[in-house]
Amino acid sequence: MKKSIVFMLVIIMSLCSMTSVMAEVAPVGDPVTIIFGVQLAATTPFARCANDFAQMCRERSGGTINVEVYTDSVLGSEAEMWESIQMGTVDMMIISPAQISNYVPEYAVYDLPFLFSSYEHRDRVAESEAAGKLDALLEEKGDMVVLGQAGGTGRYLLTAKGPVTRMEDVAGIKMRVQASVMVTDTWKAFGTLPVTVAYGETYSALETGVAEACENELSTFITQKWYENCRYLLKTNHQINMRPILIGKSKFESLSPEQQQIVRQAGYEAGLLGVEYERNDEDGSFAELESFGVQISEIEDKQAWIDATEQLRVAFCEQYGVTEIYDEIMALAD
């Protein structure tokens, strides 16, 4: 699957190169501006693939689709941008399933701990009928259209107390979590004491001891400097990210059919590029954290963590009627 993603990306980049040397594309539809918000920093894979999306839309539409990308939470947090899209003041964003679950709870199936057995498993699911069903639910209940899936790497545990190698080592630690029932319940099952802290307030919470640990992808640990207060990283890989690239349904429907096709394809390709960026950056990010003095440990008892959250997975699927989708996802495992 990794080879297939690389192959697709080669084709994408080849097409982009061809575009630059071809005759100017005729304008497609009336001029339109799309406001695209990214919570994370401008150097992160999310921001980079958002800029790729903007370039593809501009070139393929003959300049009629102008995408303005705003990074570093300029347009607000993920929750705030979701609300802004509903009001029509923002058009697009990259968002975590944990935040989506506050509006469309079924989508939190992607945040179930240890859902994916490998990066390849995650990639197969991203292209599957199960993913299509979840995207349809999001469009129906959330008025959002999924264009692509960024993310693609794991999430890890970063703590002020350590070293940590086993689940028993995190018992009683004050764990920073985002506002998500799924994430909170997951870390309760691991034995921590979850504390809900907004993304932008996490550094302060770690610095003052309001929280003693956090979890996220590596790029966030580095760009937000959470490592300054937490010097022990455990490679839990408790989640492998799906990060949908969304556009508001009303905005999407306001585009001409030709513009919709351009936006859909560009969003899909941008998602693939985002995955590639994250995976290419991962080894370097581990090395960078080590250079900052972070001690990185392998998980010694992964099965214990999986077992601790088994009932959570079962209960979630039963509560929200997604057992069939969950089974389809698991059928694609390695």
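**Exercise 1. In which loop is P163 found?**

Solution. Start with the ground rules: this is a predicted model, in which local features need pLDDT of at least 70, side-chain atom pairs count only at pLDDT 80 or more, and totals for chains, interfaces and linings use all residues. Residues are numbered from 1 along each chain as its sequence is written, and side-chain values use heavy atoms, with hydrogens and water left out.

Step 1: find the flanking elements. Helices (H or I, at least four residues) and strands (E, at least two) are DSSP runs, numbered from the N terminus. P163 is in the loop between β4 (144-159) and β5 (174-177).

Step 2: G162 and P163 are joined by a cis peptide bond, with omega about 5 degrees.

**Exercise 2. Describe the overall build of the chain.**

Solution. Step 1: list the elements. The chain has 14 helices and nine strands.

Step 1: check the size against a rule. The radius of gyration is taken over C-alpha atoms, and the globule rule is 2.2 Å times the number of residues to the power 0.38. The chain has a radius of gyration of 20 Å, close to the 20 Å that the rule gives for 334 residues, so it is as compact as a globular protein of that length. Its C-alpha trace spans about 60 × 45 × 40 Å along the principal axes.

Step 2: ask how much is hidden. Buried means under 20% relative accessible area, exposed over 50%, and partly exposed in between (1.4 Å probe, protein chains only). Of the 334 residues in the chain, 53% are buried.

Step 3: see how far contacts reach along the sequence. Contact means heavy atoms within 4.5 Å. Among contacts with a separation of 6 or more, 79% are between residues 24 or more positions apart.

**Exercise 3. Which residues touch the most other members of the largest nonpolar core?**

Solution. Step 1: settle the term. A nonpolar core is a set of buried Ala, Val, Leu, Ile, Met, Phe, Trp, Tyr and Cys residues joined through side-chain atoms within 4.5 Å.

Step 1: The largest core has 83 residues, and F53 and V263 touch the most other members.

Step 2: Apart from neighbours within four places in sequence, its contacts are I34, F53, C57, I65, L147, I247, F252 and L255. There is also a second, separate core of 16 residues, with V164, V170, M175 and V183 among them.

**Exercise 4. Describe how helices α6 and α14 meet.**

Solution. Axes are lines fitted to C-alpha atoms, for helices over the stretch in contact, and angles run from 0 to 180 degrees between N-to-C directions. The axes of α6 (residues 129-142) and α14 (residues 323-330) come within 9 Å and cross at roughly 145 degrees.

Step 1: name the residues. On α6, E129, A130, K133 and L134 meet E324, I325, E328 and I329 of α14.

Step 2: sort them by class. Ala, Val, Leu, Ile, Met, Phe, Trp, Tyr, Cys and Pro count as nonpolar, Asp, Glu, Lys and Arg as charged, and the others, Gly among them, as polar. The contact has four nonpolar, no polar and four charged residues.

**Exercise 5. Is T64 buried or exposed?**

Solution. T64 lies in the loop between α2 (45-60) and β2 (65-70).

Step 1: read the accessibility. T64 counts as buried because its relative accessibility is 6%.

Step 2: list the partners. Leaving out neighbours within four places in sequence, T64 is in contact with P27, V28, G29, D30, P31, V32 and Q259. T64 and Q259 are 195 residues apart in sequence, yet 8.7 Å apart in space, C-alpha to C-alpha.

Step 3: A331, in the segment after α14, is exposed because its relative accessible area is 64%.

**Exercise 6. Where is D72, and what is its phi?**

Solution. Step 1: locate it. D72 is in the loop between β2 and α3 (78-87).

Step 1: check the backbone. Phi of D72 is near 60 degrees, a positive value in a residue other than glycine.

Step 2: With 44% relative accessibility, D72 counts as partly exposed.
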